[in-house]
Every structure is written in structure tokens, then in C-alpha cells.
Amino acid sequence: AIEQAMKSREILSISDPQTLAHVLTDGVQSSLNDPRLVISYEPSAVEELRQAPAPTNLSQEELLARLQKNIRHEVLEGNVGYLRVDDLPSQEVLSRLGSFLVTHVWKQLMSTSALVLDLRQCPSGHISGIPYVISYLHAGNTVLHVDTIYDRPSNTTTEIWTLPHVLGERYSAEKDVVVLTSSRTGGVAEDIAYILKQMRRAIVVGERTEGGALDLQKLRIGQSNFFLTVPVSRSLGPLGGGSQTWEGSGVLPCVSTPAEQALEKALAILTLRRALPGIVHRLQEALQEYYTPVDRVPALLHHLASMDYSTVVSEEDLVTKLNSGLQAVSEDPRLLVRAVGPREASLEPEAEAQEPPEAEPEVPKAEAARKALVDAVFQVSVLPGNVGYLRFDKFADDSVLEAP
């Protein structure tokens, strides 16, 4: 595409460097359908690259200040842990400051009942930090191969596995984890969201992510003030099955919602999931006490206890899942669950949710009133062919039938 543009001599007539950069960017992006390729004109970037200190040259205090700026945490209402990461540190930084993170951040989150990992403002990070995040959310009894990274400059492939040992404790596998994403979530943060989703370890809530690259490098073109931003590493994504990956397309959330509403939505999901054990227990009790085909009750109770609720993110999801499972096990389409009332106790057997029957009217003493009552309950006529017709829309109380 570049050679063709040069041969046509169109770009040679562009005198403004910013315009030239835009034209070149449009050309390479349209040729490859890859928006990650960018050509820019940045005279100031040369000096910035020259002055920028490498992370390895930063003091412990400077690293700590940067870490505290990019990682924040708190415990929200309902004992929900909240961890916001705006830039994932490298393995070197995490090794140097691991004790600080465990003592001042992780220990405060360990006792929470669920965790929200906020990656909405995380456009970048270091590949070497990926196994640390995944490992603290993965059960420690096995190591798991979570990704394979191909690096183009070195032409090498590196496997990423969870760590066999971590500093401090791992977050319990029995606790729910929600990852928040936005259209700004990029690169390494996308890989973390993708891995946790494929592991079925986290519910991703928010917007489709950027669809960026694990490692974008800005390369100076010769000795000019032009730069080429290009992806130099690629995720091969074993957890996605073969060549599937999030690059270019982004990570699709489990629950789509605008980024600014993602935390509120996550907390609502966690409230429902916190109520799940109580809902299931009440359903089991109702089946034991009321369901007439008693021979099917043990199978129904076992099904409720062994059902996988990991994908339930709304009352509608839960109602659909329960009705599908219970009716399949019982072979009884009358067995229904529906959502009613407050969210914390909103799922009850339909029989309990029905309104009480209307009270039967008293039988009046006046003859005309009695006739009007009978006419309201029964409809009687003789059809052609001397066929009698009797219609009633509900069974009357015996006091109505016994009245003279």
C-alpha cells in the first residue's frame, strides 16, 4: 500500500506533515482493516522518549507513588470488595512491591464476600503482570495454562501459566468476581478480562473492550519526527480454543451496559447472587411440603442442589433456568417459578404467589335476587334439535347449590 502510494506520487505533493501522517494512517488501516496501526507526526516525542526514565531506574518511593496512583481499593456496601486498576504493573514492580500490595490492599479485600475488578480506565499494562492477577483469583491446587504470547521482534512464543505459589492468600473460588470493562479497556486489561471470562471465573459487565494489542510500540521512522505505532505481540488465546482471540474485535461482556452504569449493574448482580442460596433453599422446602408427585421430589431436590448457577446474572436468567430444569426433571409443565416482590426474596413457587380465591357471595333470601345469582353462575338454553345447553364458568360453593 505504501509503495503504491509512492508510485502514484500523490503523497509527495503533501507539504503539511500532520496531513501526511493522517493520509498514511488511513492508507495502511484501510489496506489491513487494522485500526491499531497509526502513523503520527510528533516533534516533541523525540525529546520525551529521550528523557523518560525506565521503570528499572525508578526509586522504591517513585514506584510506590506510581502504584498508588494506578491501583485503588475500598470495601463497598454489602461487603463487596472493589479493586480499580488503571495500569497493570510489570513482574519486576510486583516483585519489588508485592509485600506492600498484600499488606495494604489485598488483605483488606480478602474478607469480602465478592470482588469487583474495575478495568474501565485501564488502556495498557505489562504482559508479565498477567499471571499475578489471574493466580490470585484461581484455586491453588492446580496450575493453569491461560495464554500463549507470540512476540514478533524476537520471534519467540511464551506460555503464561498461573503461579503455583503466591504471596499471601488467594481469593476464594467460592466467591463471585465481576470485571468492569469499557471501550477504553485495552491490551493487557483485555487479556485479563478475556481469560477470566473463559475460565468462568468472572462475570464481565460493561462495554465491549477496545480490541487493541498486548504490546503496542511507537517506533521512530528513521531520524524523522514521524512515528509508527504497531502491535508487536499477539495473544494466541488457548482458553478461547485455537486461534480465537479478543484482538481487533474486543472482549464482549456477559452483561452489556454503559460503562458509567457498570458498577451499579455489577452490585445488582451480586445482590441477586448473594440471595441465590436462600432462594434455592425455599424452593426445596416448598417442593418437600407441597408438591403432590412425591416420588419425583428427591430428583428435584438433587437437581436444585447440583445446578450450575455461575451464569445467572438476572432474575429472568434464574427463572428461565429453574423452570427449564425443574420441568425437565419432573416432566410436569405445571411446575412453575416466577419472580415477584422484593429482589432479596423475589422467587417463590407460583402456587404461593397466586392471589387467594374470591369469597363466594351469600345466597340472598329474595326470589328475584336468587334468580339473578343463578343466572350469573349458570347459563341455560335449549339449542336447535332440542339439545340442552348448560354453561358455568366456575364451580359454585355448596351453600349456593343447597339453597332452596
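Predicted model: local features only at pLDDT ≥ 70, side-chain atom pairs only at ≥ 80, totals over all residues.
On the α8 side, the contact is made by Val280, Leu283, Gln284, Leu287 and Gln288. Helix α9 contributes Val297, Leu300, Leu301, Leu304 and Ala305.

Stepping back to the whole protein, the secondary structure comes to 13 helices and 15 strands. Of its 404 residues, 39% count as buried. Contacts across the sequence are also worth a look: among those between residues at least 6 apart, 67% join residues at least 24 apart.

Charged side chains come next. Side chains of opposite charge can pair when their charged atoms come close. The count in this model comes to 10 salt bridges. One of these pairs Arg72 with Asp86, with the closest N and O atoms 2.9 Å apart. This pair links distant parts of the chain, as Arg72 sits in strand β2 (residues 71–76) while Asp86 lies in the loop between β3 (80–85) and α5 (91–110), 14 residues apart. Arg72 is partly exposed, with a relative accessible area of 38%, whereas Asp86 is buried, at 12%. Asp86 also forms a salt bridge with Arg84, where the closest N and O atoms are again 2.9 Å apart. Arg84 has a relative accessibility of 22% and so counts as partly exposed. Elsewhere, salt bridges that share partners join Asp34, Arg36 and Glu247 into one network.

Asp151 is buried yet has no salt bridge. The nearest side chain of opposite charge belongs to Arg152, 8.9 Å away. A salt bridge needs a side-chain nitrogen of Lys or Arg within 4 Å of a carboxyl oxygen of Asp or Glu, so Arg152, at 8.9 Å, does not pair with Asp151. The side chain of Asp151 does have a polar partner, however: a polar contact of 2.6 Å joins it to the side chain of Ser154. Leaving aside residues up to four places away in sequence, Asp151 touches Thr156, Val232 and Ser233.

Key. Residues numbered from 1 in each chain as written. Heavy atoms only, no water. Buried < 20%, exposed > 50% of the residue type's maximum accessible area, 1.4 Å probe, protein only. Lys, Arg positive; Asp, Glu negative; His and termini not counted. Polar contact = N/O pair within 3.5 Å; in protein donor to acceptor, adjacent residues only side chain to side chain. Contact = heavy atoms within 4.5 Å. Helix = DSSP H or I, 4+ residues; strand = E, 2+ residues; numbered from the N terminus.
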